[in-house]
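Before reading on, take a moment with the sequence and the structure shown here, and keep both at hand while the text moves from the ligands to a pair of helices.

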Amino acid sequence: MNRPSPSPDHRRVRPFHAVYFEIVSGCNARCAYCHSGVQRVARMRFVETAVFRASLQRLLTAQAIAPGTVISLYNWGEPLLHPRLPELVGVIDELRLRYAISTNASRPLAASPALVRNLDHLIFSMPGFSQAAYDRIHGFVFPEIVRNIEGMLRDCRAHGFRGRGVISYHVYRFNVAELRAAERFADRLRLEFNPYFAILNHWWELNAYRQDQLPPERRAEAERDLFTLDGMAAALAAAPKAGYRCPQNDYLVLDENGRIVTCCQIARDHPDFACGSALHDDIPALLRRRTRQPVCAECIGSGLAHYLNTALRRPDFYRPSLRQRIMHLKTRLQRVLKRIGRN
Ligand SMILES: C[S@@+](CC[C@H](N)C(=O)[O-])C[C@H]1O[C@@H](n2cnc3c(N)ncnc32)[C@H](O)[C@@H]1O
Ligand code: SF4
Ligand code: SF4
């Protein structure tokens, strides 16, 4: 049967404001509650420069992104392990895009004016502020990480970086007492301090947990460390389901092969991880397919989608320092101005 071709409106794509492009398929850290730290990939893959360029060019042509869009160069991997990062940043410049990094700070960034020109923001993920915390989560030598963060910021700023620097502090039960020391470090370096509860960032384990099928030792360990499993069953039961629109649909995520990924929550080894190729497939059709992935019905129906979209909360007990309050106000103002500029 012949079907009428879709109307131009039906095919129209609005540019995404949050875009994640995985440039490295794995990580060197051992984070106990991140999929990449628990299930280390056998062989790390790095995005090819040609794949990176062609995928972004096709997204630009389809208007899924626009000049100035910030491309975050990570999803489940550690971006600073990419051996040809300056080449990728060259593509960002060529296509008049901007970029962001979130890093465990184990590998210093070799800053240069070309590297920082389009760097929008730089996030340092921290699992605490002591060697004991690093031993439990990342597995790195804490004083080295501190030196790397200081060095990266100093070099980036010396080469003209004026964007936001942020510490994403993952709050576990065992690192609450280290919050103030981490905040003082952020204040001293003029970094935004963003503490939020760590989650069980592992699709399979989270599913097993909600179905009461996680091995007892692992369950006990996770409940000992994470706040976000408290009351999870009640949160899942109370989650909105019928008609729930998953906010993940507002983010565009690509893997290192230029495939469009369902969302940044789903595991790399899930059958519905990706829904097609930004290099070869029709992008408007692909984006429509993405919102109808079979996994999403189950995820929304179980309440997991709502849980995942609301669990990354800031602790009520955190009271920001004066410097942090000023920085947060400044950031909020900049966001409003940016939004006004876009409309
Ligand atoms: C999977 S990481 C990949 C990028 C980089 N390796 C890093 O850790 O920043 C992507 C984002 O997830 C966040 N993240 C990782 N594990 C988390 C957890 N257990 N709970 C909450 N956020 C987490 C990180 O802070 C980071 O911004
Ligand atoms: S959170 Fe980041 S640093 Fe930790 S294992 Fe996952 S990808 Fe690596
Ligand atoms: S419903 Fe679940 S799997 Fe689907 S996009 Fe949302 S969080 Fe991801």
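A residue counts as near a molecule if its C-beta atom, placed from the backbone, lies within 6 Å of that molecule. With that cut-off, the residues around ligand 2 are Cys 27, Ala 29, Cys 31, Cys 34, Ser 36, Gly 37, Trp 76, Gly 77, Glu 78, Asn 104 and Ser 125. Sorted by class, this shell around ligand 2 holds five nonpolar, five polar and one charged residues. All of this is read from a predicted model, in which the chain averages a pLDDT of 93 and 96% of the residues score at least 70. Over residues 1-10, however, the pLDDT is below 50, and beyond near neighbours in sequence this stretch has one contact in the model. Where pLDDT is low, the predicted coordinates should not be read in detail.

Around ligand 3 lie Cys 246, Gln 248, Thr 262, Cys 263, Gln 265, Ile 266, Val 295, Cys 296, Cys 299, Ile 300, Ala 305 and Leu 308. Here the elements that give two or more residues to the shell are helix H13 (294-301) and helix H14 (304-310), and H13 provides the largest share, four residues. The shell around ligand 3 comprises nine nonpolar and three polar residues, with no charged ones.

How do helix H3 and helix H4 lie relative to one another? The axes of H3 (residues 49-61) and H4 (residues 85-94) come within 10 Å and cross at roughly 20°. Because angles under 35 degrees count as roughly parallel, H3 is roughly parallel to H4. The crossing in which H3 passes H4 is right-handed. On the H3 side Thr 49, Phe 52, Arg 53 and Leu 56 take part in the contact, and they meet Glu 87, Leu 88 and Val 91 in H4. The residues of this contact divide into four nonpolar, one polar and two charged.

Technical notes: Residues numbered from 1 in each chain as written. Chains lettered and ligands numbered in written order. Predicted model: local features only at pLDDT ≥ 70, side-chain atom pairs only at ≥ 80, totals over all residues. Axes fitted to C-alpha atoms, helices over the stretch in contact; angles between N-to-C directions. Parallel < 35°, antiparallel > 145°, perpendicular 65-115°, else oblique. Left-handed = near helix turned anticlockwise from the far one by under 90°. Contact = placed C-beta atoms within 7 Å. Nonpolar A, V, L, I, M, F, W, Y, C, P; charged D, E, K, R; others polar. pLDDT = per-residue confidence, 0-100.
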